[in-house]
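Work through the exercises below with the sequence and the model side by side. Try each task before reading its solution.

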Amino acid sequence: MTMPDEAFEDLVRTYHAPLYRFALSMARNDADANDLTQQTFFVWATKGHTLRDRSKVKTWLFTTLYREFLRNRRHQQRTAFFEDLPPGEQEPAEADANVVNQLDAPLVMAALHEIPPLHREPLTLFYIESLSYLAIAQILDVPVGTVMSRLSRAKIQLRNALARKAVEPKIIEFPQQGTGT
């Protein structure tokens, strides 16, 4: 049983952008994010008809994308290991109000990519994709309490990364002047 073309196109229109953003947050590059998103829709096209409760399409798609990401990671022989916060990062760094007001999307995304995937994934799903704790727990296949704990740690890590980026010296390059004799 296959889905009619119009229904499939509507599904892609509705979920492509959020799935792509989630994929990009994990894969960290455009090509891999596009591949993950496309693979997710391919899996939907071949297996989506087995979903009994159509109200769970969004969760099904995000779960599939996440599992594809993990499958690809294992396939490429990358060892994924995640550690707790390093010593000294248990407390959030103090950020001055001016720093917070000067934040922009590229800076936040750069800081987000410094966070290990174990914590970045729930943070992205919660704040960027606006999913509930329960939906995130289903997607990541972990208990809701684990989602809440990872989100708490991710926020601390993000604050620290943003604080580091705010105080990093900006390197200004000046054109080389000719050396006259």
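**Exercise 1. Describe how α1 and α6 pack.**

Start with handedness. Helix α1 passes α6 in a right-handed crossing. A crossing is right-handed if the near helix is turned clockwise from the far one by less than a right angle, and left-handed if anticlockwise. Next, list the residues in touch. On the α1 side they are R21, F22, S25 and M26; on the α6 side, R120, E121, T124, L125 and I128. Contact means heavy atoms within 4.5 Å. Then take the geometry. The two axes, α1 and α6, come within 10 Å and cross at roughly 155°. Because of that angle, α1 is roughly antiparallel to α6. The class needs an angle over 145 degrees; under 35 counts as roughly parallel, 65 to 115 as roughly perpendicular, and the rest as oblique. Axes are lines fitted to C-alpha atoms, for helices over the stretch in contact, with angles from 0 to 180 degrees between N-to-C directions.

Before going on, note the ground rules. This is a predicted model, numbered from 1 along each chain as its sequence is written. Local features need pLDDT of at least 70 and side-chain atom pairs 80 or more, totals for chains, interfaces and linings use all residues, and side-chain values use heavy atoms, without hydrogens and water.

**Exercise 2. Find the centre of the largest nonpolar core.**

Define the set. A nonpolar core holds buried Ala, Val, Leu, Ile, Met, Phe, Trp, Tyr and Cys residues joined through side-chain atoms within 4.5 Å. The largest one has 39 residues, and L61 and L125 touch the most other members. Helix α1 gives the largest share, eight residues. Now follow L125. Beyond four places in sequence, L125 is in contact with F22, F62, S130, L131, I136, I139 and L140.

**Exercise 3. Are T64 and L51 buried or exposed?**

Take T64 in helix α3. T64 has a relative accessible area of 11%, so it is buried. Its contacts beyond four places in sequence are T40 and V43. Turn to L51, in the loop between α2 and α3. At 15% relative accessible area, L51 is buried. Not counting residues up to four places away, L51 touches W44, K56, V57 and W60.

**Exercise 4. Which residues does H113 touch, beyond four places in sequence?**

Locate H113 in the loop between α5 and α6. Its partners are L24, S25, R28 and R120. H113 and R28 are 85 residues apart in sequence, yet 7.3 Å apart C-alpha to C-alpha.

**Exercise 5. Judge the confidence.**

Average pLDDT, the predictor's confidence in each residue from 0 to 100, is 79 over the chain. At least 70 is reached by 72% of the residues. By element, α2 has the highest mean (92) and α4, residues 97-101, the lowest (51). Residues 77-85 stay under 50, with 12 contacts beyond four places in sequence. Residues 88-93 are also below 50. Where pLDDT is low, the predicted coordinates should not be read in detail.

Notes:
Buried means under 20% relative accessible area, exposed over 50%, partly exposed in between (1.4 Å probe, protein chains only). Helices (H or I, at least four residues) and strands (E, at least two) are DSSP runs, numbered from the N terminus.
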